[in-house]
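Please keep the sequence and the model in view while reading.

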Amino acid sequence: MILAASLGERMRPLTEHTPKPLLMAGGKPLIVWQIERLRHAGFNDLVINHAHLGRKLEAALGDGTALGVRIAWSDEGTPLETAGGIARARHLLGAAPFVVTNGDVYAEFDYSRLRRVLADMGNNPAHLAHLVLVNNPAHHPQGDFVLDGDRVAMPPTHAISRLTFSGIGCYRPELFADIVPGDKAKLAPLLQRAMALGQVSGEHFTGRWEDVGTPQRLIDLDKELEMHHVA
């Protein structure tokens with residue numbers, strides 16, 4: 001599932017008429033970079049949620065045929081937060097563990113690494129989630145979680161080894177079982193409960209990951225990708 005329902009408020013005025021995942025970097029919409037990496041890793045059946053200017057997303061990507069994938073759309077109307085959006089799309093995602101990522105970031109992540117994780121989660125009902133963590137970006141120096149071996153945990157207040165959640169994760173559907181489809185719900189409380197029970201694994205990704213959260217960051221990324229392409 002690719003999350004694409006954000007209002008993109010920090011990216012205004014660019015997002016007043018264009019959904020953030022369709023903003024261009026290096027000659028492609030941000031979400032297309034993600035779709036191509038997922039397809040390359042063998043993830044061909046995608047669910048994409050949307051709200052703000054969502055019809056433009058559907059018009060641009062259609063059913064995914066042009067990109068070599070199959071896309072099912074989940075129209076939220078009003079953004080339901082991360083967990084709410086996933087819960088609303090559960091009927092499209094099926095009963096097996098699934099991958100979730102964001103449609104408005106740039107990540108040079110090899111999604112095929114998650115196949116082993118999905119297999120383990122499928123065989124272990126107590127393994128509810130797996131998070132990909134990255135080094136803290138300059139705009140989020142406090143980080144989110146700590147990685148203790150292969151387990152993700154809430155950091156103690158004095159922790160200095162916090163990492164930032166990239167938005168890339170694997171989940172068992174049961175994690176969202178208590179959310180009524182259509183209700184707003186945040187992901188963090190669900191993860192925190194599961195972490196307390198040791199049910200969340202994780203990994204530290206040190207490759208390129210960019211939260212394209214401001215127009216300037218988009219400009220910088222676009223220039224860098226164009227230079228790399230020319231080179």
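A salt bridge is counted where a side-chain nitrogen of Lys or Arg lies within 4 Å of a carboxyl oxygen of Asp or Glu. The model is predicted, and by this rule the count comes to 12 salt bridges.

One of these salt bridges joins Asp104 to Lys20, with 3.4 Å between the closest N and O atoms. The two residues belong to distant parts of the chain, being 84 residues apart: Asp104 sits in the loop between strand S6 (98-102) and strand S7 (105-107), while Lys20 sits in the loop between strand S1 (2-3) and strand S2 (24-25). Both Asp104 and Lys20 are buried.

A further salt bridge is formed by Glu203 and Arg113, whose closest N and O atoms are 2.5 Å apart. Are the two partners buried or exposed, or something in between? Glu203 counts as buried because its relative accessibility is 12%, and the limit for buried is under 20%. Arg113 has a relative accessible area of 37%, and is therefore partly exposed.

Glu224 and Arg208 also meet through their side chains in a salt bridge, at 2.5 Å from N to O. Glu224 lies in helix H7 (residues 215-230) and Arg208 in the loop between S12 and strand S13 (209-211), 16 residues apart. Glu224 is partly exposed, because its relative accessible area is 39%. Salt bridges with shared partners also join Arg55, Glu58 and Asp75 into one network.

The side chains of Arg208 and Glu224 are joined by a polar contact of 2.5 Å. Leaving aside residues up to four places away in sequence, Arg208 touches Tyr106, Ala107, Glu108, Leu221 and Glu224.

The account now turns to strand S6. Because 5 of the 5 residues of S6 are buried, this strand is largely enclosed by the rest of the structure. In a regular strand the side chains alternate between the two faces of the sheet. Phe98, Val100 and Asn102 point one way from S6, Val99 and Thr101 point the other way, and all are buried.

Which strands pair with S6? S1 and S6 run parallel and are joined by 2 bridges; here Leu3 stands opposite Asn102 in S6. Strand S11 (residues 164-171) runs antiparallel to S6, and 3 bridges join the two. Within S11, Cys170 is the bridge partner of Val99.

Helix H3 (residues 81-88) is another part of the interior, where Ala83, Gly84, Gly85, Ile86 and Ala87 are buried. The buried residues of H3 pack against S1, strand S4 (45-50), helix H4 (90-93), S6 and helix H6 (188-196).

How values were computed. Residues are numbered from 1 along each chain as its sequence is written. This is a predicted model: local features need pLDDT of at least 70, side-chain atom pairs count only at pLDDT 80 or more; totals for chains, interfaces and linings use all residues. Side-chain values use heavy atoms; hydrogens and water are left out. Helices (H or I, at least four residues) and strands (E, at least two) are DSSP runs, numbered from the N terminus. Buried means under 20% relative accessible area, exposed over 50%, partly exposed in between (1.4 Å probe, protein chains only). Two strands pair if DSSP finds at least two bridges between them. A polar contact is a pair of N or O atoms within 3.5 Å; within protein, one must be able to donate a hydrogen and the other to accept it, and residues adjacent in sequence count only if both atoms are side-chain atoms. Contact means heavy atoms within 4.5 Å.
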